[in-house]
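Please have the sequence and the structure open while reading.

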Amino acid sequence: MSLRSPLLAAQSLRCVAVRSDDANDGAVLTVDPSAVVENVRRLASVTPGEIMAVVKADGFGLGAETVARAALRGGATSLGTTSIREAVSLRRAGIVGVPILSWLNAPGVGLHEAAADHIELAIPSLRHLHAATASGTNLKVHLHLDTGMARDGAPCSEWQELCRAAAWAERTGRLRVVGLMGHLPRPAEPSSAASRRSRAVFAWGASVARNAGLTPQHLHLASTAATVADPDSHFTMSRIGAGLVGIDPSQTLPLRSPLTLTAPLVSVRTVAPGTPVGYDGTWVTSRTTRLGLLPLGYADGLPRCTSGRAQVMVAGARRPIVGRVSMDSVIVDLGSLPARPGDMAILMGPGDAGEPTIHDWARWADTIAHEIVTGLSGARATRRITQRERPTSP
Ligand SMILES: *Cc1c(COP(=O)(O)O)cnc(C)c1O
């Protein structure tokens, strides 16, 4: 994506500025929370609904607390996680007074922890409902309807019974239904038959719930792509995950990547023509060249399948990664570039300085940018939050 607004361009370089002492630290994953703030503001500008910031998978690999606080500063009014454990750890980090919804829990799991920390729970089946009503916790819940993915949520055939049982539980003071949720299988394709059907199913689900006597405050179907591309899916709230970290799957809104991954050249060597490089010698030099070694590999989230395709930015130039991506390292063909050991390479960033982006890496790996970003969560990189926007209380 090459879309860029003047506003975003004005922020250029701040995020890719590299401190000179980084050379002693090994790899560094820099997170710029101001990009998250800006992304939420942009998304909020395209919907009248509220925004739930989905900070699952440790905030898409960038740190759940950092991403959550920035999203709240940007205008999100609630948070979402998959597990109760993730939600509880946000509370432990001091994020209180804002609703957190957790989905993807087995029936009965973590109900008392959820209640103690004011965590709301998605209810995708009668089993889940019964476990919640039997627990004596009086949880706030969101009933989850399967709107066409056959993944999570109650099938339409069980929805009426689920709504009736939930309404009865509410009348008898055993839980409170504060929301209804669905999920779109093709959020970037608003005019597809699947999306039209999903929206209709969700609207039907809401009327069934009302007829059962439920009055949920939040109706939420849209994720990032649908928030951008499908206004008819907005209802009262959007659940935004990918958009927080600069990914718009509909590729229409210019969002900014908060992450920059850098590493110093560990060593540089000059090799003769005909030198096989890396495991299996899949790349052989055709000229005298200089090879640089970077201390990051597939164990750090650089997909092995990008061997022969990926590039990094060194000394102001894009240079190819050559040979196989190893577990702990990659080799860069520096050519005649005057780079020295200790010089910093940018593996990916927002793209301001011409460095590769998460979208480039996704293309090289034949995957989506979500997988690149979340794959960095295990990186042996020091995580650093840019000074300007260190988290403060939301
Ligand atoms: C991850 C997730 C979201 C967020 O989707 P994005 O496309 O990342 O914005 C919303 N709802 C559910 C149920 C999810 O699992």
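In this predicted model, a polar side-chain atom of Arg239 is placed 2.8 Å from a nitrogen atom of the ligand. A polar backbone atom of Ala242 lies 2.7 Å from a ligand oxygen atom, and an N or O atom in the side chain of Trp103 is 3.4 Å from an oxygen atom of the ligand. On its own the ligand has 380 Å² of accessible area, of which the protein covers 90%.

The surroundings of the ligand include Arg239, Ile240, Gly241 and Ala242, as well as Lys56, Phe60, Trp103, Arg151, His183, Ser223 and Thr224. By residue class, this shell divides into four nonpolar, four polar and three charged residues. Two elements, helix H3 (56–60) and strand S9 (237–240), each supply at least two residues of the shell.

The next topic is the sheet. Nine strands form an open sheet with mixed pairing, in the order S11-S14-S17-S16-S15-S18-S10-S1-S19. Strand S11 (267–271) and strand S19 (382–385) each have a single partner strand, so they stand at the edges, and one side of each has no neighbour in the sheet. On average, neighbouring strands of this sheet are turned by 35° against each other, direction ignored.

Strands of a sheet pair through backbone hydrogen bonds, and the pairing is either parallel or antiparallel. How do strands S14 and S17 run? Strand S14 (residues 289–294) and strand S17 (residues 330–335) are antiparallel and are joined by five bridges. Within this pair, Leu294 stands opposite Val330 in S17.

Technical notes: Residues are numbered from 1 along each chain as its sequence is written. This is a predicted model: local features need pLDDT of at least 70, side-chain atom pairs count only at pLDDT 80 or more; totals for chains, interfaces and linings use all residues. Side-chain values use heavy atoms; hydrogens and water are left out. Two strands pair if DSSP finds at least two bridges between them. Helices (H or I, at least four residues) and strands (E, at least two) are DSSP runs, numbered from the N terminus. Axes are lines fitted to C-alpha atoms, for helices over the stretch in contact, and angles run from 0 to 180 degrees between N-to-C directions. A residue is near a molecule or strand if one of its heavy atoms lies within 4 Å of it. A polar contact is a pair of N or O atoms within 3.5 Å; within protein, one must be able to donate a hydrogen and the other to accept it, and residues adjacent in sequence count only if both atoms are side-chain atoms. Accessible areas come from the Shrake-Rupley method with a 1.4 Å probe; for residues, only the protein chains shown count as cover. Ala, Val, Leu, Ile, Met, Phe, Trp, Tyr, Cys and Pro count as nonpolar, Asp, Glu, Lys and Arg as charged, and the others, Gly among them, as polar.
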